[in-house]
Amino acid sequence: MCRWEDLPEHMRCQAVRPYYEALAARQGMLLLKFIFDRIIALLLLVLLSPVFLLVAAWIRLDSPGEVFFRQERVTRYGRRFRIYKFRTMVKNAESLGTQVTTKQDMRVTNVGRKIRACRLDEIPQLINILKGEMSFVGTRPEVPRYVAHYTDDMLATLLLPAGVTSQASIHYKDEEKLLTESDNADRTYVEAVLPGKMAYNLREIREFSFVKELGTMVETVVAVLK
């Protein structure tokens, strides 16, 4: 972790300080997390390369557009990066609706629905992990417009790299159903869904443990298989 004095100015607030101190006391586990992420991401990219190629070909055959969906997200210390995901929506989907996806979203392609169901669209994020932009476990990276709504407490989630999965992701795996029932998906996400997810994320930072993160990864696999 960087020194407190080197954090972005907007993160150096009293609401963030307790979370920073909790993580600073666990430097050894943070180093283990860093090493684990890089090694496992590299191994999985090699092992899953056949799946990677098959899904890429499936997407290209199903609908016009690029294989990857790349969108600007926010990660550690408020840095912006381009996330890698397999494209699950029609071309130029962002210009056709909200930045969150509802259950019956007409922008989602046929192949997109299938690979979303088993989280195969997340595989390319292994590239982001190798680049140090993400981690296996951590707060899901939001788009800048949603980060702009973060409270001072929520800024503490930017002390660690964004993650592919988390306890919040597991408990909110049916998030699309909540948004489908709303007449304004963006507002519902910011006012209802985001605060609920952040409560889980902040607790995970206060109680950070590498062993617990391994457990979260196992829980994620079980949830996907169900």
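Visitor: Why is W4 called buried?
Guide: Its relative accessible area is 11%. Buried means under 20%, exposed over 50% and partly exposed in between, with a 1.4 Å probe and protein chains only. The value falls under that cut-off, so W4 is buried.

Visitor: What kind of model is this?
Guide: The model is predicted: local features need pLDDT of at least 70, side-chain atom pairs count only at pLDDT 80 or more, and totals for chains, interfaces and linings use all residues. Residues are numbered from 1 along each chain as its sequence is written, and side-chain values use heavy atoms, with hydrogens and water left out.

Visitor: How many aromatic pairs are there?
Guide: Nine. The rule takes rings of Phe, Tyr and Trp (its six-membered ring) with centres within 6.5 Å; planes under 30 degrees apart count as stacked, over 60 as edge-to-face, the rest as tilted.

Visitor: What makes W4 and Y20 an aromatic pair, and of which kind?
Guide: Their centres lie 5.3 Å apart, and the planes make 70°. The distance is within 6.5 Å and the angle over 60, so the pair is edge-to-face. W4 sits in the segment before helix 1 (17–24) and Y20 in helix 1, so the pair ties together parts 16 residues apart in sequence. Helices are DSSP runs of H or I with at least four residues, strands runs of E with at least two, numbered from the N terminus.

Visitor: Does Y20 count as buried or exposed?
Guide: Buried, at 11% relative accessibility.

Visitor: What kind of pair do F36 and F136 form?
Guide: The centres are 6.1 Å apart and the planes stand at 65°, so this pair is edge-to-face. F36 lies in helix 2 (residues 27–47) and F136 in strand 3 (residues 134–137), so parts 100 residues apart in sequence are tied together. F136 is buried, at 9% relative accessible area.

Visitor: How do you know that R17 lies over the face of W4?
Guide: R17 is 4.1 Å from the ring centre. The rule asks for NZ of Lys or CZ of Arg within 6 Å of the centre and within 35 degrees of the ring normal. R70 lies over the face of Y84, at 4.0 Å from the ring centre.

Visitor: Which residues of helix 4 are buried, and why do they line one face?
Guide: V111, G112 and I115 are buried in helix 4 (residues 110–117). Down the axis, the buried residues fall within an arc of 100°, so they line one face. The arc is taken over directions from the helix axis to the C-beta atoms. On the other side, N110 and A117 are exposed.
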